[in-house]
Amino acid sequence: MKIALIPGDGIGIEVIRETVKVLDVVTRQSGCSFEYREVLMGGRAIDETGVPLPQETIDVCKASDAVLLGAVGGPQWDTLPGHLRPEAGLLSLRKALEVFANLRPAVLFPQLKSASTLKEEVLGDGIDLMVIRELTGGLYFGEKKRVDTADGQKAWDTMVYSTHEIERIIKVAFQIARKRSGKVTLVDKANVLESSRLWREVATRLALENKDIAMDYMYVDNAAMQLVRNPRQFDVIVTENMFGDILSDEASMLTGSLGMLPSASIGAGKLGIYEPIHGSAPDIAGQDKANPLATVMSAAMMLRYSFDMENEAVMIENAVRKVLDQGYRTLDIMQPGMKAVGTQKMGELVCKALE
Ligand code: NAD
């Protein structure tokens with residue numbers, strides 16, 4: 001398997017380094033082999049090539065089976081014009097690789113319950129849900145305009161979706177659900193929005209053709225409430241771009257810690273981009289303080305969704321659980337009575353737990 005590695009900036013470099021160590025243990029144990037090509041994106045790419053996403057990076061990523069990304073950005077590049085900022089590289093990469101589904105699992109490990117803002121009885125024995133957000137359509141990409149009026153201005157954005165765009169992401173949701181409990185909730189606003197009514201029609205038709213999937217529907221305002229009232233009712237949530245943007249952040253915060261949250265962006269084929277949801281954390285970069293577990297678990301997602309290596313993905317996730325059970329914590333998830341460790345030590349502990 002060919003993996004394009006993009007460490008990026010700040011703690012991205014540190015968390016990718018530890019994740020590669022974990023993947024090395026997987027290769028030794030499973031007999032598979034990973035071929036890495038490290039490429040530039042973000043701030044370092046700007047410094048060395050003048051642009052946030054060099055053509056070479058796009059070419060290497062396209063020729064790979066998956067992209068494993070740390071994080072990009074930092075204060076030294078904040079004053080550059082929008083299209084030259086590190087984050088522009090990320091958006092362009094998603095576009096170049098034609099990824100249209102963003103997968104954001106929200107898993108609250110029982111060992112980290114106290115990090116959540118929710119009450120013990122709501123959390124039960126932990127949360128494990130997946131928000132799938134459409135990434136390339138809807139309000140963020142539809143026609144937008146501003147015109148002058150007699151008393152000021154008028155502005156509008158357009159939420160546009162085609163049958164094809166909805167079909168392909170609902171099919172992704174079904175594939176993901178089959179690797180979980182088989183339950184999918186479509187979140188929309190079909191009582192008000194025409195585009196939502198199309199989502200519902202397409203989803204209902206596909207659900208009828210896929211009898212192994214249990215599909216239900218929820219309005220977005222209710223979903224926002226239900227996520228904090230009873231998050232354990234959800235397994236896979238699929239929704240359009242803006243609703244997904246908001247709900248995936250809400251769902252992540254149920255788990256309380258940025259350093260524990262992986263993500264994936266996938267398209268029609270197997271090639272995907274796997275990255276933690278956190279940024280480059282300039283405040284702790286280079287100090288061995290970053291939690292590498294979000295990136296380690298992004299690599300587990302890569303094995304599951306791009307390489308069909310479910311057993312190895314579960315092995316990594318179990319190794320993370322074991323290390324948490326043993327009481328080791330990086331500073332962001334530190335609790336009284338636990339053992340504080342740095343980035344490198346956390347990486348080593350996961351490797352040891354795997355072995
Ligand atoms: P951030 O996620 O980098 O950091 C927010 C806070 O969380 C900081 O206090 C940081 O120390 C902490 N934190 C984040 N990840 C952590 C980890 N793994 N372990 C321990 N603590 C962690 O967000 P920010 O400060 O708003 O942004 C910093 C830079 O990152 C900016 O340049 C921003 O544009 C960029 N950014 C990049 C991405 C990406 O590459 N996908 C995402 C978000 C932000």
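This note goes through the pocket, the salt bridges and a surface patch of a predicted model.

1. Basis. In this predicted model, local features need pLDDT of at least 70 and side-chain atom pairs count only at pLDDT 80 or more, while totals for chains, interfaces and linings use all residues. Residues are numbered from 1 along each chain as its sequence is written, and side-chain values use heavy atoms, with hydrogens and water left out.

2. Largest pocket. Its volume is about 790 Å³. A pocket here is an open set of points on a 1 Å grid over the protein atoms alone, where a 1.4 Å probe fits, with protein on both sides within 12 Å along at least five of seven lines; lining residues have an atom within 4 Å of a point. The volume is the space filled by probe spheres set on the points, which are joined across faces, edges and corners.

3. Lining. There are 32 lining residues, and Leu90, Leu91, Arg94, Arg133 and Glu275 lie nearest the centre of the pocket. Two or more residues each come from β3 (66–71), α4 (86–96), β4 (101–108), α9 (241–253) and β12 (272–276). Helix α4 gives the largest share, 5 residues. Helices (H or I, at least four residues) and strands (E, at least two) are DSSP runs, numbered from the N terminus.

4. Glu275 and Arg94. These two residues form a salt bridge, with the closest N and O atoms 3.5 Å apart. The term means a side-chain nitrogen of Lys or Arg within 4 Å of a carboxyl oxygen of Asp or Glu; the count by this rule is 24. Glu275 is in strand β12 and Arg94 in helix α4, 181 residues apart. Glu275 is buried, because its relative accessibility is 7% (buried is under 20%, exposed over 50%, partly exposed in between, with a 1.4 Å probe and protein chains only).

5. Other salt bridges. Asp235 and Arg180 meet at 2.7 Å, N to O. Asp235 is buried at 9%, whereas Arg180 is partly exposed at 26%. Asp221 pairs with Lys189 at 3.0 Å; Asp221 lies in helix α8 and Lys189 in the loop between β8 and α7 (194–209), so parts 32 residues apart in sequence are tied together. Asp78, Arg85 and Glu87 are linked in a network of salt bridges.

6. Surface patch. Leu331, Met334 and Met338 make up a nonpolar patch with about 240 Å² of accessible area together. Patch residues have over 30% relative accessible area and no salt bridge; like charges are joined within 9 Å, and nonpolar side chains (Val, Leu, Ile, Met, Phe, Trp, Tyr) within 5 Å. Areas come from the Shrake-Rupley method with a 1.4 Å probe, and for residues only the protein chains shown count as cover. Met334, at 32% relative accessibility, is partly exposed.
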